[in-house]
Amino acid sequence: MAGRPQFSDYQAKLRRKKEDRLPLVLELYKKGYSMRQIRAEVMQRLGISSYSLGTVKKDVDGMLKEWRDERIRDTDSLVQIELSRIDDVTREAWDAWDKSKTDFEKKKSSQKGVVADGDGEKDGDGDIVTTELQRRVEEMRCCGDPRYLDIIDKQSKERRKILGLYAPEKQEITGSFSFADFLMKTAIVDENGKPAQPINGFSAGVPIDPTNDNEDVGNEDRREDTGR
């Protein structure tokens, strides 16, 4: 029982040492220091006598894992925010689409009048007196505004892109580069369509075998003909 507090104190001491050196390890790692350079620099700056390369690697690996986890969490949060925005826009578009399909009555009213004086005479210098009132009710049949469906479709595409539901797009490169051009570029044939001359040990795109006995025989025949 007496040994447990001592072990706990030892663990706490190790944690404090790690917390003291991690900011320095992070700074040096970002600057491109190697494991050995980080070890030497940490020992010098913090005045510690021992700091193994294995501990350096554990410190660096721990920081990298923490960075990856934070980046993943940040990415997940951003994805959720964007998906929430898409949901809001989609919901509003659906509501607007449903309303655009609702039939309604369009009412119009108009009136005619003349200007009269206080005695009701049309002298053109008094109030306007209504002489005729017209009201018209028109029933409007609505089939829905397709612009809202276009918004919904665009939001659905954005959602599928974020979630990675689309297959990779296939890109096809076309051009005027023919097979004959390829053969000339690779020195397999010359401009006249004939096999190219050997260049640096290659003939017609195929390496010349230096152990080929037929070439040696041909050279010997030529030497004999020259001697004669």
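## Around Ser100

In this predicted model, Ser100 is in contact with Cys142, Cys143, Gly144, Asp145 and Tyr148, once its neighbours within four places in sequence are set aside. Ser100 itself belongs to helix H3, which covers residues 53–100. With a relative accessible area of 17%, Ser100 is buried, because buried means under 20%. Its side chain also reaches back to the backbone oxygen of Trp97, at 2.6 Å.

One of those contacts, Asp145, has a charged partner of its own: the side chains of Asp145 and Arg147 meet in a salt bridge, 2.5 Å from N to O. The two ends of this pair sit in contrasting surroundings. Asp145 counts as buried at 16% relative accessibility, whereas Arg147 counts as exposed at 59%.

## Asp59, another buried site in H3

Helix H3 also holds Asp59. Is Asp59 buried or exposed? At 3% relative accessibility, Asp59 counts as buried. Not counting residues up to four places away in sequence, Asp59 touches Lys18, Arg21, Leu22, Val25 and Tyr51.

A search of the whole structure finds twelve salt bridges. As a reminder, side chains of opposite charge can pair when their charged atoms come close. Asp88 and Arg91 are three residues apart in the helix, about one turn. An α-helix has 3.6 residues a turn, so residues three or four places apart point the same way. Both partners are partly exposed: Asp88 at 36% relative accessibility, and Arg91 at 45%.

Glu27 and Lys31 make another such pair, their side chains meeting at 3.1 Å, N to O. Here Glu27 is partly exposed, with a relative accessible area of 33%, while Lys31 is exposed, at 54%.

## Helix H2 and what follows

Helix H2 takes in residues 35–46, twelve residues in total. From its first C-alpha to its last, H2 reaches 16 Å, close to the 16 Å expected at 1.5 Å a residue. Which residues of H2 are buried? They are Ile38, Glu41, Val42 and Met43. After H2 comes Gly47, whose phi is positive, near 65°.

## A nonpolar surface patch

On the surface, Ile162, Leu163 and Leu165 form a nonpolar patch, with about 270 Å² of accessible area together. Leu163 is found in helix H4, residues 146–163. With a relative accessible area of 43%, Leu163 is partly exposed.

Methods
Residues numbered from 1 in each chain as written. Predicted model: local features only at pLDDT ≥ 70, side-chain atom pairs only at ≥ 80, totals over all residues. Heavy atoms only, no water. Helix = DSSP H or I, 4+ residues; strand = E, 2+ residues; numbered from the N terminus. Expected span 1.5 Å × (residues − 1). Buried < 20%, exposed > 50% of the residue type's maximum accessible area, 1.4 Å probe, protein only. Patch = residues over 30% accessible without salt bridge, like charges linked within 9 Å, V, L, I, M, F, W, Y side chains within 5 Å. Areas by Shrake-Rupley, 256 points an atom, 1.4 Å probe, with all protein chains shown as cover. Salt bridge = Lys/Arg side-chain N within 4 Å of Asp/Glu carboxyl O. Polar contact = N/O pair within 3.5 Å; in protein donor to acceptor, adjacent residues only side chain to side chain. Contact = heavy atoms within 4.5 Å.
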